[in-house]
Structure formats: structure tokens, C-alpha cells
Amino acid sequence: MKFSVLIAHYNNATYFKDCYESLQKQTYTDWEAIIIDDCSSDAEKEMVKSIIANNSRFKFFENQVNKGVGYTKRRCIELATGEICGFVDPDDAILPTAIEETINVFNSKKDIVLTYSRLSICDQNLKPLYPFKASSQVLNNDPLFFNYPIQIAHFVAFRRDTYMKTIKINPELKIAEDQDLYYKLYEVGKVYFINKTNYLYRTHSGGISQNNNKKKSREYYALVIWQAMQRRNLKKINGIEIPETFSNAQEIFNLLEYQNKISYRIKKKILIILQKFSQQ
């Protein structure tokens with residue numbers, strides 16, 4: 001079973017060597033890397049090309065104009081040839097057994113369409129600072145699942161053939177394209193949590209999700225949640241009507257505020273435990 005590592009690159013070549021080396025250390029050997037550059041500077045592109053030079057596993061493509069992360073990641077999947085795909089940001093890295101452990105799940109659990117694991121928050125030198133503790137198994141087949149609060153996070157992998165049967169990532173998204181992907185796959189199959197840290201997430205001033213885009217990120221996150229509500233034909237949540245048109249993020253997050261309450265979380269944990277026993 002071939003694994004396609006998908007890398008959407010935009011002016012992150014300074015950190016890319018760590019990503020590259022982490023892939024070279026993978027214990028699972030049947031993989032390729034698809035890199036699409038979204039109109040980085042010439043110097044940045046050349047730096048990436050020099051790192052991957054003479055390595056046939058890496059395939060480098062370019063967008064003719066800057067299209068944004070939604071378009072670029074969607075194109076990454078379309079160009080992949082592996083049965084299983086997984087995104088790794090060019091400034092991050094994965095642990096040596098990350099791909100192998102992922103492939104083992106897909107080989108043994110045919111009903112799983114998406115896997116995810118734990119991640120470690122790192123400094124700009126990729127030195128681990130603290131674990132992202134929120135990741136855990138989610139309840140499958142729940143029409144009210146919106147990854148809020150976030151549980152599905154890196155390292156995420158998925159069956160390419162299943163993804164191709166969905167309406168795919170919205171190419172217009174500039175942020176929250178990962179959530180859009182998770183929802184669409186969640187809606188057509190089961191997801192599985194690998195309880196191990198497999199991803200190193202680098203924090204630095206140039207990171208897209210770490211700069212001054214927090215307000216914009218919240219808007220996009222709410223938009224993809226609202227779009228998922230529409231696909232699932234939901235009319236009300238917790239007794240409150242869902243707006244027919246999207247107007248602002250707070251209106252959507254207010255609908256989901258009950259999911260942060262202790263009573264709801266306890267109920268969800270019980271259901272997840274029962275789900276686990278039913279699958280044994």
C-alpha cells in the first residue's frame with residue numbers, strides 16, 4: 001500500500017530540511033512526496049529544489065499564480081498516486097514510525113477512512129515544548145460532530161479513493177481547509193485515533209496559523225462548520241435554528257457552545273467507550 005506525503009509549500013524553505021529529513025527516516029518505505037509550490041519567491045523555490053535534488057521519491061509542481069492553501073492542497077491530492085494520503089506542512093516533521101503505524105491501521109481496519117494521532121508543539125528549532133493534549137478518539141456517525149473543541153489534529157491520513165468520491169476540499173478556502181477535509185471524510189466513513197505522538201508542529205513567526213490571521217481563521221472555521229451543517233441537512237442544533245445563510249462566525253459558534261459543557265463531555269466520553277467495546 002503506497003503512501004503519498006502531501007506538502008503545500010509557500011515561502012517556508014528555511015525549515016523544509018527538517019521535514020525532508022524526517023521523511024527520509026521513515027520505517028515504512030513505500031511512499032512518495034508530492035510538493036506543490038504556491039508561487040513562492042524564486043529563492044525559496046530553488047532552496048526546496050536543491051534539497052530534494054536527485055531524490056526520485058519527491059515530485060515538485062508549481063501553481064502558475066498564487067491560489068491559496070485550499071486550491072493547493074486539493075491539487076496535491078489529485079496528483080498523488082498513493083492509496084493513502086497525509087499532509088505534512090513544510091515547516092513541520094513526522095516521527096520515524098508515523099507512516100508505518102498509519103498504514104497498519106488502514107490494512108487492519110477496512111472501514112476506517114481517516115486516521116489521526118497526537119502532536120507535539122515545538123519551538124522554532126523543532127524542540128518539543130509540550131504535547132497537544134486535546135486529541136482523542138471521537139464518536140463516529142454523529143451528525144453534530146464539528147471537531148469543536150478540536151480533537152482531530154495532525155498526523156492526519158486518509159484513503160484517497162474515498163476522498164475522491166466526496167465533493168473534495170473547497171479550493172476557495174484560504175484557512176481551515178484541513179477542517180473542511182476532515183468533515184467531508186467523517187461524513188462518509190469512520191475515523192480512528194492513533195494514541196501516539198507522530199507529528200512535530202513547529203511554532204514560529206512565519207507560520208500561517210500563528211500570525212495575525214486569528215480573526216480570519218475563526219471566520220473560515222465557522223464557514224466550513226456551517227457548510228457541513230448544510231450538507232447534513234441540519235435545521236436545528238440544541239433547539240436553536242441554524243441560519244439559512246452564513247453571516248458571521250460568532251453566530252455559528254454560539255450554536256455549538258453547549259459542546260464545551262462538562263455534562264456534554266461526560267456523555268460523549270461514555271458513548272465513545274461504548275463505541276470502543278462494540279468494535280472489539
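User: In which hand of crossing does α6 pass α7?

Analyst: This is a predicted model, and in it α6 passes α7 in a right-handed crossing. The residues that make the contact are Gln-179, Asp-180, Tyr-183 and Lys-184 of α6, together with Tyr-221, Val-224, Ile-225, Gln-227, Ala-228 and Arg-231 of α7. Sorted by class, the residues of this contact divide into five nonpolar, two polar and three charged.

User: At what angle do the axes of helix α6 and helix α7 cross, and how are the two helices described?

Analyst: The axes of α6 (residues 177-186) and α7 (residues 214-231) cross at roughly 20 degrees and come within 9 Å. Angles under 35 degrees count as roughly parallel, and α6 and α7 are therefore roughly parallel to each other.

User: How do helix α1 and helix α2 pack?

Analyst: Helix α1 (residues 13-24) and helix α2 (residues 42-52) pack at an angle of about 20 degrees, and their axes are 9 Å apart. That makes α1 roughly parallel to α2, and α1 passes α2 in a right-handed crossing. On the α1 side, Ala-13, Thr-14, Phe-16, Lys-17 and Tyr-20 take part, and they meet Glu-44, Met-47, Val-48, Ile-51 and Ile-52 in α2. By class, this contact has seven nonpolar, one polar and two charged residues.

User: Which residues lie nearest the centre of the second largest pocket, and which element supplies the largest share of its lining?

Analyst: The second largest pocket has a volume of about 720 Å³. Of the 25 residues that line this pocket, Ser-136, Gln-137, Phe-193, Ile-272 and Lys-276 lie nearest its centre. The elements β6 (112-122), β9 (190-202) and α9 (262-278) each supply at least two residues of the lining, and the largest share, seven residues, comes from α9. By class, the lining has nine nonpolar, nine polar and seven charged residues.

User: Which peptide bonds are cis, and where in the chain are they found?

Analyst: As a general idea, most peptide bonds are trans, and most residues other than glycine have a negative phi. In this structure, the peptide bond from Tyr-148 to Pro-149 is cis, with omega near 0 degrees, and the bond from His-154 to Phe-155 is also cis, with omega near 10 degrees. Pro-149 is placed in the loop between β7 (128-131) and β8 (157-159), and Phe-155 is found in the loop between β7 and β8 as well.

User: What is the value of phi at Ala-176, and where does Ala-176 lie?

Analyst: Phi of Ala-176 is near 70 degrees, which is a positive value in a residue other than glycine. Ala-176 lies in the loop between α5 (160-163) and α6.

Methods
Residues numbered from 1 in each chain as written. Predicted model: local features only at pLDDT ≥ 70, side-chain atom pairs only at ≥ 80, totals over all residues. Heavy atoms only, no water. Axes fitted to C-alpha atoms, helices over the stretch in contact; angles between N-to-C directions. Helix = DSSP H or I, 4+ residues; strand = E, 2+ residues; numbered from the N terminus. Parallel < 35°, antiparallel > 145°, perpendicular 65-115°, else oblique. Left-handed = near helix turned anticlockwise from the far one by under 90°. Contact = heavy atoms within 4.5 Å. Nonpolar A, V, L, I, M, F, W, Y, C, P; charged D, E, K, R; others polar. 1 Å grid on protein atoms, 1.4 Å probe; cavity = no way out; pocket = protein on both sides within 12 Å on 5 of 7 lines; lining within 4 Å. Points joined across faces, edges and corners; volume = space filled by probe spheres on them.
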